[in-house]
Amino acid sequence: MSMKTIYNFNAGPATMPTAVLQQLHEELQPTGKPSLLEISHRSKEFVAINEETQTRLRQLLAIPKNYKVLLLPGGASQQFAMVPLNLMDKSADYVLTGHWSEKAAAEADSVGKVNRIDSATENGYQTIPAIEKLAADPTASYLHITSNNTIYGTQYKGFPKTADVPLVADMSSDICSRPVPITDFGLIYACAQKNLGPAGITAVIVRDDLVERNYRTMPSFFRYATHVAKASIYNTPAVFAIYAMCLVLRWIEVEGGLKSIKERNEAKAKLLYDTLDASELYLTHASRESRSMMNVTWRLPTTELTDSFLNQASAAGLQGLKGHRAVGGIRASLYNAMPLAGVQTLIEFIREFERQT
Ligand SMILES: *Cc1c(COP(=O)(O)O)cnc(C)c1O
């Protein structure tokens, strides 16, 4: 029985490495012996996986010793609340570059004064604001950015230098897609379901001095220090998600680490952008200098053509290409696990669709 290859361009939860899915499938076959999902999270087997996952993330991203790595439940959205609860004294700066940064800022509103830096809102979030033009407040508790805008398809190519104001980044949709200078940041968070595995956990990388900040009374569960003290096993963690993330991190290492992954991601994105730029039918959303390597967004002239594109693409095995309703059109998510062959198949389809139209 031959199966047609399906390529999954969903924005999140998103495609995972085939080798990881196969390993999970094999290891979770019932054998009579309890699997990792069916034993105590304090067993030496699981504790070793929890440690390995944190150590691998540390090694891959070259995280210095004065930062803690946490694996927390609750998604990136929980971090929208935990960041201001833990780090905000009176005010914080939020650079608005899309839907997710708006949500992060809205959650911070309930904790203190939010200074919104919104130079990209008026153009439909087509750009990342020029870093040196940010109207940042030197007395802010931190400055928050979203490194990759999953919905609009824009991405920071370099990061703002914020001097003594800690830089906080939501890297949910581009963590481990490229090396990043960790010491530029005070705190980084990223939910797993784009580039690190299945949904259920969020990685948090936090500098030691920020763990110690203590501005308000709040339930201990929401304090970073609580989870740091217990190496992310304060309560029962998302054991499956952590194990799957461990396998994804092993896979990244086998694939050559973040430098190779970055080169591959750049090559995949370039193929697609070059194809769209050469066309007279498709119009890309993000301005050139702000284009994301992870989420490529474009439009067709009418909704009829968009629907027809999506239907025919799906029939050809190219799935999950519908753009977010805020932008419309098409979105192709090219996370680490998307093979080059998937992008090649997509660009052949894009060209063929234009020829027929
Ligand atoms: C997907 C995504 C989120 C939302 O994450 P949840 O885990 O659903 O809370 C937040 N920020 C960015 C940049 C995302 O891509």
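A polar side-chain atom of Asp170 lies 2.7 Å from a nitrogen atom of the ligand, a polar contact in the sense of a pair of N or O atoms within 3.5 Å. Taken alone, the ligand exposes 390 Å², and the protein buries 87% of that (accessible areas by the Shrake-Rupley method with a 1.4 Å probe). The model is predicted: local features need pLDDT of at least 70 and side-chain atom pairs count only at pLDDT 80 or more, while totals for chains, interfaces and linings use all residues. Residues are numbered from 1 along each chain as its sequence is written, and side-chain values use heavy atoms, with hydrogens and water left out.

**Around the ligand**

- The ligand is surrounded by 14 residues, of which Ser77, Thr150, Asp170, Gln193 and Lys194 are the closest; a residue counts as near if one of its heavy atoms lies within 4 Å.
- An N or O atom in the side chain of Thr150 is 2.5 Å from an oxygen atom of the ligand.
- A polar backbone atom of Ala76 is 3.1 Å from an oxygen atom of the ligand.
- Helix H3 (residues 75–87) gives the most to this shell, with four residues; helices are DSSP runs of H or I with at least four residues, and strands are runs of E with at least two, numbered from the N terminus.
- The shell has four nonpolar, eight polar and two charged residues, where Ala, Val, Leu, Ile, Met, Phe, Trp, Tyr, Cys and Pro count as nonpolar, Asp, Glu, Lys and Arg as charged, and the others, Gly among them, as polar.

**Pocket and cavity**

- The largest pocket has a volume of about 320 Å³; on a 1 Å grid over the protein atoms alone, a pocket is an open set of points with protein on both sides within 12 Å along at least five of seven lines.
- This pocket is lined by 14 residues, and Glu27, Lys33, Pro34, Ser35 and Leu36 are the closest to its centre; lining residues have an atom within 4 Å of a point.
- The pocket lining divides into seven nonpolar, three polar and four charged residues.
- The structure holds one cavity of 30 Å³ or more, a cavity being a set of points where a 1.4 Å probe fits but cannot get out.
- The largest cavity has a volume of about 70 Å³, and its lining includes Thr15, Lys194, Trp251 and Tyr335.

**Aromatic pairs**

- The whole structure has 13 aromatic pairs, meaning rings of Phe, Tyr and Trp (its six-membered ring) with centres within 6.5 Å.
- Tyr125 and Tyr152 form an edge-to-face pair, 4.9 Å centre to centre with 65 degrees between the planes; planes over 60 degrees apart count as edge-to-face, under 30 as stacked and the rest as tilted.
- Tyr125 lies in the loop between strand S4 (113–117) and strand S5 (143–146) and Tyr152 in the loop between strand S6 (148–149) and strand S7 (154–155), so the pair ties together parts 27 residues apart in sequence.

**Backbone**

- The peptide bond from Gly12 to Pro13 is cis, with omega near -10 degrees.
- Pro13 is in the loop between strand S1 (7–8) and helix H1 (18–27).

Definitions and conventions
A polar contact is a pair of N or O atoms within 3.5 Å; within protein, one must be able to donate a hydrogen and the other to accept it, and residues adjacent in sequence count only if both atoms are side-chain atoms. Grid points are joined across faces, edges and corners, and a volume is the space filled by probe spheres set on the points.
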